[in-house]
Structure formats: structure tokens, C-alpha cells
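Open the model in your viewer and keep the selection panel at hand. The tour goes stop by stop, with what to select and what is there.

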Amino acid sequence: MTTRGAAVVIVGGGVTGLSAGWWLARAGVDVLVLEKGIVGWEASGRNGGGATHVYSPFGLEEQRLWPQMDGLLGYPTEHQSFRIGVALSEAQLALARRWAEIGEARGFRWELLDRRQVKELVPIVGDNAIGGTYLHFGGHANPQRTVQAYAWALQDCGGRILQHTTVTGLVQRGGRVSAVETTRGTFGADALVVAAGPQTGLFADMLGVALPLAPARVEMIATEPIPLMGVGGVAGNGLYGRQTLRGNLVYGGGPHEWINVPDMVTPEHRNTPLVRNLARRLAELFPGAAHVRMIRAWSGLVENTPDGLPVVDRLASPDNVVIATMSSVGFGLSPASGRAISELVQHGHCSFADLRALALSRFADTPADWRERAGWVATRAEVALAAGGDS
Amino acid sequence: MAAVDRRSVAGKGPRPERHVPLIVVGAGAAGVAAAIEAARCGVDTMLIDEHPVDNDMMAMDVPLCFGQRMQPAVRNRALMLERIVESNPALASAHEAGVDVQLGTYVWAAFVAGPTVQELPSPMLGLADERRSWLVSYERLIVAAGARDVLLGFAGWERAGTLGASGAAALLTRYRALSARRLVVVGSGALGLHTAALALEHGIEVAAVVELDDRVRGDHAAAKALAERGVPFVTGHTIRAALGRVGEVESVVLAPVDGEGRPTTGHDREIACDAVCLALGLVPSVELLHLVGARLRFEGARGGWVPEVDTWMRTSVPTVFAAGDCAGFHEGMLGAPEIAREQGRLAGLGAAESLGALGRGEAEQRRGVPSPAPPPSANLFGYWQAWLASLIETGGWSVNVCQCEEVTRRELVETRPPRYLKWDSPQMDARSLATLLRDGPVNQDQIKRLTRAGMGPCQSRRCREQVGLLLAQAAGTSIEQIPLPTFRPPVRPLPLNVLWPADEPSAMRDDWVSWFGIPTQFSPHWEPGMVLDEPTAHARLIVSEE
């Protein structure tokens, strides 16, 4: 057995693990990130890029940190401030207002927009819009660029990343995790962070801890670039997404597909004809861009806890382990979640957020068949065929 | 009784407009032969081809590099359709054999079930024309999608008039709408000679055939025939630049190279022309094969990434066959359509047999003894690498490798963020391909995300190979060591209002949410009931679902 290792070993080079690793490395901690593929390759690098989650215990820290991230990391994240919500119906307007009012409760400013104002700000919006919201908070960033920025900044602070390294086992000794076994040998660890996305539950199993997680597949589409709008963070009509600084419209939304991830191999994930429904939603949201060409689509795997809220918790036993899943909403919150994890590892508590709502103990009574009860299960094609579903 | 998550895809599986036992994609020699063979075995067969492609698509160099040298007549769809049919007499035979022939129809996606896609009743293709898109499901698919040009950039290659050999051939033969009078052909292998002959045949002057090597690479007799018709061969030369008024090719400057293929100065020659045709080689069009999950492997002598097929041209996906250039292309197949035809026939028979239209014995009998196919000619990747090296010497590192996103060679190999970010930091300056390689092997998709090379509307058709070659060269590795960059739907860039479905199941519309629809997911953490141990989250979930 080799004696390689680090003070803190992080399983998973997604956005949460990378941010945690960066914060730790900044604090001078010897950190090693183990990633089975390439950093930020899965959902961390392919998502809506939204950074507007003020409802979360991490929300205020998210808002405080994002405008500083380019400078802190030393690499571009393409972070842009503010959001516009476009509503095509009263129900959508109520949703947009609710989002804005949650911000207001946290001390942020917003404005209600009428159709004319929305069209002035977002020229590709059509007459089907009834109004919208302008949030003087929140924003968005480029996920692909940001995950790489975390990885590079982590290295710049002396941290290490091993890609193409799959963790296959955890070695426990004296009530603590002492090492991780991987496809590239064993690495000693004084502390462990598990931030392994859909596979996080498998590691919880290894630790004898029940973490209810349901993986799912989601899809997004991207168009060719169009002229830049003043605020690129425009969403509505059941879509999340943004206009990139290049000008592409990148949007997702709609039905997800519950799946199973039985082992450390990330299952192949593909797109489905849902990309057509996404195209329709996007063209409805932006009639002025209905003629724009879709040039890409992709799918990603995310995981959800039963209440859709993160688990960011330091275990009671083994007591040198932090488990982190952001329950499918990880990118925008990553500056704050990573900082919280680094504090949990170093000090056992988080100085800036109340993490009680994110504790694993809330699932103590969750029955083993919770996925079936909620209908969060992988379906089978023959079931779909039988269901038919007329239009 | 398990509950159903109405926000999920459950019960919303896409419904294809039609079901066809066999779809053949591509009406070239292989595709038509496959369709006819299968139809003769009694299989209901649909044969799809995207030509005539509409003018806007052509202007983006999709699916082939047309280099903006289309005559305005390509806007006349009816006329183009007529010409396409005229130029391919086998289409009439297919029609007579009972094949449902669909021209002017894009295949923009192949959707198949898998571990994460279960709500798909059967494999299906996404099809489209200029007005709408639709889905057609199949039991067997034969991909005969052809091949596409390898393009290598040089100073001025963005100008209208830089086109690929197969783009030129399509405009010459199928559309009869090439807008060029004086052509310079780059490359003297079989493809270059074939292209020059084709141009002459259609009354276009060939101003030169340019070759980096010190000799003509292709068949001697064919070269001699061209020379006798007045075609000048300029061997031992590379391209320094294409020049002309804003945006147009009006001449090309050639630079002699020394024994090592390095350009020398002082003896440039400028040749007037209105089109430069890159005839350096072709790579198989494997995007649909990739989308269905067929196993691809790198075979340098057959154009790079090719599907693994058995003796019936069946891929690793039992329902999918591949035939013709997309199953592996080499120069020996040029001017020998019987090779593609034979592959198509085999695929047609194989598909028919696997559908139970005829027994294995009968299929074997019909198949006969296949004539031995000529062995693949040389691996051209070294040749392309040599051309690229010479073009870097002449054009320098500021030539765009990716035209859509305007990424230069330097920006690619230094993995620079795009210029429009106007980013500057010492940390970024310290990063390069070399530092990236310390963390893992070259991955074209990763570098694409960082530099944006290959992320534009042409869907990397113009730069995919040269990005790979440049990265291989810069990383000191060989191109086969670089994983295949992925293809994603839509594999044709189509407008949102073409791709969208005209009607959606009501469940799709009524139950649509932007993200999962978990009631507590976005609730303010300070509201009553959020910071708590009781009731448990599970209880909250079940309560809110009811």
C-alpha cells in the first residue's frame, strides 16, 4: 500500500468538490481531488449557469461572492449580474413575482415590468408577454469556464487534482476514514469530502449511512449566437437559462427522467425528442428568435434528495467525513457551498450559514421505498407504451 | 401501487408520425443499393436524402463545404430537386422497386433508448425539411451518409471561394450550380485528380493542381490526361494565402517548399482564380452512427473514426447497419462506386434477413461471393499533418482554425479564453495546453469548451479535423490517441420554429415545470416548516404531492 495522500481527500471533481477544494487550498490545507473523468464534465459544467438562489441558507453568501469570483479565482467565470423574468401568463407572472419577493425578503431590490418595459429590455420578447420582473440581484455565469477556473485556482493554491481516477472503496480505521482506494492505488486521508453527484449515495452506503438520493436525466438546448442583450439572464415560460456572452441562447426545462445509477460508472446519457419541446418553449418565450437555429443539445445527470434540498453535513461517525450533495441545484451556490464545506472540514461548523435544514438526520425516518412512493423511479418503455397518452 | 411523478417524462414518450420497418439514410451509391435490395426482399423501405439542401444551410457549409460558390439558382428548390433526380438515375430504380424516396429531407437526430432513456417506445429519427420537423420510428436503420472534406486553413481561407472537393462535386454534378470559372485544386491524390477532371468536364478551367509533395500523388495516367488538357501541376508548393477584394477569393499565392516540406521565401507565385478547392481527403460522416451508440474505432487508412461492422455491414448496434463512405473511406473508392454499392447491397440483405423477410440461407445465396474489395490506400493523416505544418509556416499562428468562433491556431493551442471576454490575468497567462496536459490526455471536447473552437453554427464541420491535427501536433501525440469529439443533436443546424412540434400532448404542456417541481426545493429556508427536524422531509414530500 502506498502512503500517498492528503490532509483532505475530496471524492468528485464536480463544481461542489472543486469549490470546496479551492477554499481549502486557499486556507493552506493540503487537498487532493479525485475525479473519475475530467473535472466538471457532467452536470457541473453543463447547466443553466444561474446564480440566483437567495431562498437557500447559502443564498446571501452566493450573492456576496459571485461578483468577486473572477478576481478571487484569477480566471474568467463570465459572471453577469441581474436577472429578468418574462411572464406569458398570470400564473407565470405570479411565479416570477414570488421569486422576486423572496429576494426582497432578504433585502434585495426588484421591479415589476409591464410588457413595453420587458420588450425594451429584451427585444426578442413578443406580444404574448404580459409583463415581467427585473431583479437587481442574482445573475449567471458560464459553468464550463467556472469549473475549470475552480480547478486551476485550486492548483494555483497548491492543491492537487487527479483525473481519470475512480474511487472504489473507503478504508476505515478507529471510527475514521483513513484512506481511499482507487483505480490508481490507495490514498491516505486525514479527512474526506464526498461530493460525488449521483454516486454520492453509493459512498454513503460504504459508510453505513442512509442518504436518500434519486438520480435523474435532464436536457438543455443551445442556439447559434444572436446580438447581445443588455441583460443576458432572461428566463420564463418554464425555462431556465441565459444568453451567453457569445450570444447563444442556452435553455433547459421540462420533464426529467428518473434513472438508476447502480455503480461508479456514469451511465451514457443522451438527448431525446424533448429537444423539440424545448425549442417550442424557447420560441414562445422569444418569438423574435423563433427563426434562430438550434446548434447543440445535451443531457446531464443530477440527483435529488426527497425534499430537493442539499445535504451538507459532517457525519457523527466516521467523524472526519463531510457529505455534500446539492440536490440538483449546485452550480450557482457553489462559491458558498464550497466555503461551507471547507469550514465544516476544518472547524466542524459553518460560520456564515445555518446548515441545520441541510442535515442528513432529516431523512432518518425516510422509508426505504421512498422513491416508489413518490413515483421517482425509472420507468420502462413498455409502461410508457401502455400509458399511451393522447394529445 | 407506485405513484407517478407527473413532472417526469413518464407517459410522455414521443410519438412518431410514422413507423417504417427500414430507413436508409443517404441516397448515394451505397444507400440506393441498400434500399433497392431490401425492397426487393419485400421490406417496406424509406430512403432519405437531404439534397437539395436549402441555400441558407449551404451558406453555413452544411453538410458540405460549398464555400459560398452556389449559383443563385440553388434557391429554386423545384429546379434543384429536378436536377438531383436527373443526376441520380438509380433513384428511379429505387422508386420502381417500391422504395419510398424522400429527398430534401434532413436527418437531424437519431434517438435510441438506453440506461437513461427509457421512455422511448422505439428507436426513431428526427427528420425535417425547411418548414417543419417530425419523427419516424424504425426497426432497422442503414446509415449511408457519405463522407465530408478535410479542410485545413490558410491565410484568407474565410473568403468566399474556399470550398471542399465533395462540396464542389455536389455543386457540379447534383446541383449543376457551381459559381466558379477558374479553380485551383489543392491536393494531387486521387481526390484532387478526380476533382480536376470533374471541373474540366463541366467547363470550368483548372488553373492549377497544387501539391505539397515533390511529385503528383495520384494515378500517373490520370494526371497525364489532365496535363494534356492543359492543367498545370505545381508540385513542391504550399499555399501562402488566398487574396482578393473584401471577402472574395481572386487569387492564391503559392510558396515553394524545400525537401522537408518547409516553405522557402522569394519564389512565390500568384495564380488568379475564383475558387480554391481543398481536395486533401475525406472523413466518414459518422455523426448518426455516434448518436445511435454504434462502436467506432480509429482506422487511419479508412479516414479515421469508422464503425465496427460485420460481414453484413451490421454495426455493434444490432438494429443499425452502415454502408459506403461513412463506413470507412479510402481513395480507392473514388470512381469505383461498385464498392459502396456492394456494401449497400450487403447491408440491405442483412437488414432484410434480420427483419425476417428472407432466411439466412437465401440471404447467403443472394449475397453470392463478394468480389474482393481493394485494400485501403495509404493513411492520409501524416499527409494532412505535413500540409498543416507547411500552412502554419506560411500563414503563421494567427490564422483562424475555427471560422464560426474566430479562434486562431495560437488561441487553440494556448487554450486561451475567447477574445470577446477581454480577459487578462497572470494566472491565465501561465496556463497553456502543456499545463492542461499535466492533468490528463488531450480531450478535444474539453479544449472546445475553453477556447470555443468548434462551437459555432457549422457544428465544427470546417474545423473538427484540423483542431484534432493541431492539438495532436502541439501535444506531441498522434491523432488516434485523441478521443472522438462528440456529436450532439441536432446534427443539422435547424431553426427553432422548424424543430418545434406543431402539437404537443396536453400532459407535456400542462405538467411542464422548469425544474422537477419539488415543492420545497426553492422555498425560503427561513419560512415556517423549513428549518426543522419534524415533520421529516419525506413526510413533507408526500403531503405536498397529495
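In what order do the 5 strands of the open sheet in chain B stand? The order is S8-S15-S9-S10-S11, with parallel pairing. Before going on, note that this is a predicted model: local features need pLDDT of at least 70, side-chain atom pairs count only at pLDDT 80 or more, and totals for chains, interfaces and linings use all residues. Residues are numbered from 1 along each chain as its sequence is written, while chains are lettered from A and ligands numbered from 1 in the order in which they are written.

**Stop 1: the sheet in chain B**

Helices (H or I, at least four residues) and strands (E, at least two) are DSSP runs, numbered from the N terminus. Two strands pair if DSSP finds at least two bridges between them.

Now take S9 (residues 182-186) and S10 (residues 205-210) of chain B. They pair in the parallel sense over 5 bridges. Click B:Leu183: its bridge partner in S10(B) is B:Val206.

**Stop 2: the cores**

Stay on B:Leu183. It is among the residues with the most contacts inside the largest nonpolar core, which has 212 residues. Such a core is a set of buried Ala, Val, Leu, Ile, Met, Phe, Trp, Tyr and Cys residues joined through C-beta atoms within 7 Å. Buried means 20 or more other C-beta atoms within 10 Å of a residue's own, exposed 12 or fewer, and partly exposed in between. Helix H1 (residues 29-40) of chain B gives the largest share of this core, 9 residues.

Select B:Val184 next. Leaving aside neighbours within four places in sequence, its contacts include B:Ala207, B:Val252, B:Ile271 and B:Cys277. Another core, of 89 residues, lies apart; A:Leu154, A:Ala204, A:Val312 and A:Val322 are among its members.

**Stop 3**

Go to the loop between H2 (55-59) and H3 (77-87) of chain B, where B:Pro63 sits. The peptide bond from B:Val62 to B:Pro63 is cis, with omega near 0°. B:Asp61 is in this loop too. Its phi is positive, about 60°, although it is not a glycine. B:Asp61 is buried, with 25 other C-beta atoms within 10 Å.

Switch to chain A. A cis peptide bond joins A:Ser317 and A:Pro318, with omega about -10°. A:Pro318 lies in the loop between S16 (311-314) and S17 (321-325).

Is A:Asn237 buried or exposed? A:Asn237 is buried, with 22 C-beta neighbours inside 10 Å. Its phi is near 55°.

**Stop 3: the domains of chain A**

Color domain 1 (5-64 + 143-212 + 307-369) and domain 2 (80-140 + 214-304) of chain A. These bounds come from an automatic or database domain assignment. Their centres, over C-alpha atoms, are separated by 27 Å. Across the boundary, 26 residues of domain 1 are in contact with 25 of domain 2.

Note on methods. Two residues are in contact if their C-beta atoms, placed from the backbone, lie within 7 Å.
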